[in-house]
Amino acid sequence: MFRNAALDGTASAPRELSILLSKFICFYVVVFLLSCEETKEFIFLRRCVKHLVFKKTENMAKGNSEKQQKAGTQKRKPDADGGGGGGQKKKKGDGPAEQGEAGRKRLDAPSVGYFRRVGERLDEGFPDDEEKEMFVENVLMEVKGQAGRVATDRTGSITLQRLLPLCSPDRVGEVMAEVGGALGSEFKAVCCDRCGGHVVESALRQMSRWTETPQEEEEEEGPGVLEGQVLCLGQVVRENIAEFIAHAHGSHVVRTLLHVLTGCLGPARSETRPGVKDRGVSPQMTDFEIPTSFWYEMGKLTETLMENINLSITDSVASAVFQTMLTVSHRKRPKLCKKLLKRTVEYLMSRSAAPGVSPLLVFLKDQASSHLLETVIQLSHISLLRDVYKNHLKGSLVSLALHPIANFPIQRLTAAAAKYKLFPRLFDELIQGVEAILAAGHMGVIVQLADSCAESGQKQDEMIKSLLNAFHCAEPSSRQVCCLPLFMSLLTYEVYYHSDTAGGDAQTEIPLTSICYHGSRLVQALAKFKERSLLLSSLRTLTPADLLTLASHPAGSHVLQALITTSSDKGRGKILRRLEGQYGQMACSRLGSRVLEAVWSSASVSQRQSIAQELVQSESQLRSDQFARHVWAKFALSHFMHRRAHWQEIQTGESKKRKLFNDILN
């Protein structure tokens with residue numbers, strides 16, 4: 001075989017022999033290690049061999065790929081006369097390294113495959129921390145020398161983001177130093193890359209673990225490696241602030257840097273895609289201790305940002321950076337936040353506008369600056385809110401509430417003023433345009449106004465009267481008991497009951513329909529008022545079928561739960577008597593079962609007993625239903641059937657505890 005190969009000129013006998021011998025040696029070494037006892041030394045050797053085999057496979061794959069590329073290049077080489085396909089243009093991506101964004105070279109195919117397999121290995125998990133640490137260290141050794149290219153490659157970026165949380169802070173700092181290059185010269189290009197920006201963000205987030213480094217080493221060596229790289233990045237950002245904050249990817253790095261410099265972190269970007277239920281919920285923040293150097297760096301960065309505040313009112317991406325700056329400062333450095341808010345408002349008021357028109361009125365109607373003003377209003381102290389209203393917004397609240405963009409800052413202003421004496425003045429101005437605001441469809445303003453009335457405890461009667469007039473059910477007084485369906489559907493009396501007459505009662509009983517989200521939110525806010533007898537009276541006029549519809553509706557179920565749980569025992573009993581005969585169907589409903597559980601938690605012992613008495617009559621149906629079986633278990637209905645006295649004793653004890661707890665809270 002060797003002779004024929006030599007004659008063909010494709011291989012040599014000594015080379016083939018050495019390869020064959022090396023394979024036999026590797027085979028016997030592996031067999032030997034697998035047959036040895038499970039001591040620490042042999043386990044370590046076995047892991048080393050596994051890694052060597054893994055690396056050998058990767059090197060062979062790279063070598064084969066290079067050979068194929070060379071062979072392909074020779075085949076595509078044009079003839080001397082220009083034939084052989086020489087007229088074809090070279091396609092983008094040909095060659096071992098494709099050109100990425102801004103001319104940056106990407107990883108070749110074998111390297112991409114390597115990092116993909118690293119990701120798969122991370123998915124499999126590790127038997128112990130020692131093996132995981134060795135694996136991570138070996139992969140980072142492969143990254144060394146090409147960290148920038150790995151970070152800006154899609155597969156490499158994802159792998160690095162998963163590896164950095166597994167490294168020590170100092171090791172993360174070393175990777176970050178290589179990504180940033182000498183004196184941070186490469187930070188700008190990497191941070192503004194769609195893949196590289198995520199890697200830098202992941203590295204910054206590891207600063208929350210900087211205290212894991214022994215304090216003795218920090219005192220001897222000065223700032224840690226990661227701390228130094230964060231400060232270096234901060235300097236690069238300050239030197240190129242305009243490019244960073246206006247860039248779609250670079251701006252996210254700046255926002256993460258602001259979080260780290262103040263010592264608070266929210267969930268990572270890859271984990272913050274909210275579902276429908278969580279879109280209006282503020283992200284959970286985690287605080288951590290920061291080095292002293294970050295305190296001063298934050299001051300320098302905020303000063304540089306304020307020098308470029310003009311970008312925040314013209315660019316929505318830059319506006320988001322300023323919103324983050326104000327938010328984290330308000331959480332961790334209130335005095336700094338107060339100064340930043342004052343300077344922001346002063347700058348906005350200093351801009352030129354039409355004679356007699358406040359510049360704030362213009363900015364409130366702008367897509368980019370309105371978001372910044374929302375944040376400013378939310379975080380402002382009472383003196384600043386009072387000044388903004390008195391000198392700029394007074395007399396213009398209704399027109400702003402009717403504007404498609406400006407109505408959102410007005411909602412924030414109404415919410416922020418609820419705990420101050422400023423709220424009654426805002427209410428008196430906004431209440432004059434309730435019907436116009438409803439006609440414009442800006443229900444968020446009305447809902448927030450009701451929420452602020454409930455929070456402040458003021459102007460509640462005026463709010464109810466205004467809504468009754470707006471929905472045309474104030475006069476005659478007999479119409480007022482129909483208010484609940486109108487509020488939930490946001491329809492006037494004439495539209496809901498198809499009535500053309502100006503007076504009189506509803507002539508026909510119409511099934512409950514057209515419940516909407518904002519209508520549900522409005523009634524939930526009204527249910528927090530001190531006087532809610534009108535809503536409860538309207539609820540008691542609904543038929544049992546309507547109550548079941550309400551309990552099974554995505555928006556209506558929250559209304560029924562709020563009205564029942566906030567009622568007194570006597571009022572709750574009247575509603576529950578209307579629900580008799582519907583408990584079984586409620587328990588078998590996804591939403592109705594949740595309402596039933598909430599009602600159970602607030603019900604008295606006698607009310608629980610009547611509910612349980614009805615439910616046990618449908619035992620087979622409830623036990624087999626996917627929702628009702630949880631109700632059966634939570635209400636201990638099996639216990640109720642066979643040991644009723646003991647069940648009643650337990651329920652009585654729970655009722656006393658709940659009453660005592662409520663008395664303490666009140």
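Modeller: One cut-off before we start: a residue is buried when its relative accessible area is under 20%. This is a predicted model.

Biologist: Fine. What share of the 666 residues counts as buried?
Modeller: 44% of them do.

Biologist: How many helices and strands?
Modeller: The chain has 40 helices and 2 strands.

Biologist: And the contacts, how far do they reach along the sequence?
Modeller: Take the contacts between residues at least 6 apart in sequence. Of those, 69% join residues at least 24 apart.

Biologist: What's the average pLDDT?
Modeller: It averages 82 over the chain, and 77% of the residues score at least 70. Residues 1–13 fall below 50; that stretch makes 7 contacts in the model beyond near neighbours in sequence. Residues 271–279 also stay under 50. There the model has 2 contacts beyond four places in sequence.

Biologist: Let's pick a helix. How many residues does α14 have?
Modeller: Helix α14 has 13, residues 250–262. From first C-alpha to last it reaches 19 Å, close to the expected 18 Å.

Biologist: Is α14 mostly covered or mostly open?
Modeller: Mostly covered, with 11 of its 13 residues buried. Among them are Val253, Val254, Leu257, Leu258, Val260 and Leu261.

Biologist: What follows α14?
Modeller: Gly263, with a positive phi near 90 degrees.

Biologist: Where is Ala268?
Modeller: In the loop between β1 (264–265) and β2 (286–287).

Biologist: Why does Ala268 count as buried?
Modeller: Because its relative accessibility is 16%, and the cut-off is under 20%. The C-alpha of Ala268 is 8.4 Å from that of Arg205, 63 residues away along the chain.

Biologist: Switching to rings. How many aromatic pairs in the whole structure?
Modeller: The search finds 9. One is Tyr114 with Phe115: the centres are 5.1 Å apart and the planes sit at 75 degrees, so the pair is edge-to-face. Both Tyr114 and Phe115 are buried.

Biologist: What about Phe471 and Phe487?
Modeller: They pair edge-to-face, at 5.2 Å centre to centre and 65 degrees between the planes. Phe471 lies in the loop between α26 and α27, and Phe487 is in helix α27, so the pair ties together parts 16 residues apart in sequence. Phe471 and Phe487 are both buried.

Biologist: Which residues form an aromatic cluster?
Modeller: Trp600, Phe635, Phe640 and Trp647 form one.

Biologist: Last topic, charges over rings. Which ring does Arg333 lie over?
Modeller: The face of Trp295, at 3.7 Å from the ring centre.

Biologist: And where does the charged end of Arg121 sit?
Modeller: Over the ring of Phe135, 6.0 Å from its centre.

Methods
Residues numbered from 1 in each chain as written. Predicted model: local features only at pLDDT ≥ 70, side-chain atom pairs only at ≥ 80, totals over all residues. Heavy atoms only, no water. Helix = DSSP H or I, 4+ residues; strand = E, 2+ residues; numbered from the N terminus. Expected span 1.5 Å × (residues − 1). Buried < 20%, exposed > 50% of the residue type's maximum accessible area, 1.4 Å probe, protein only. pLDDT = per-residue confidence, 0-100. Contact = heavy atoms within 4.5 Å. Phe/Tyr/Trp six-rings, centres within 6.5 Å; stacked < 30°, edge-to-face > 60°. Lys NZ or Arg CZ within 6 Å of the ring centre and 35° of its normal.
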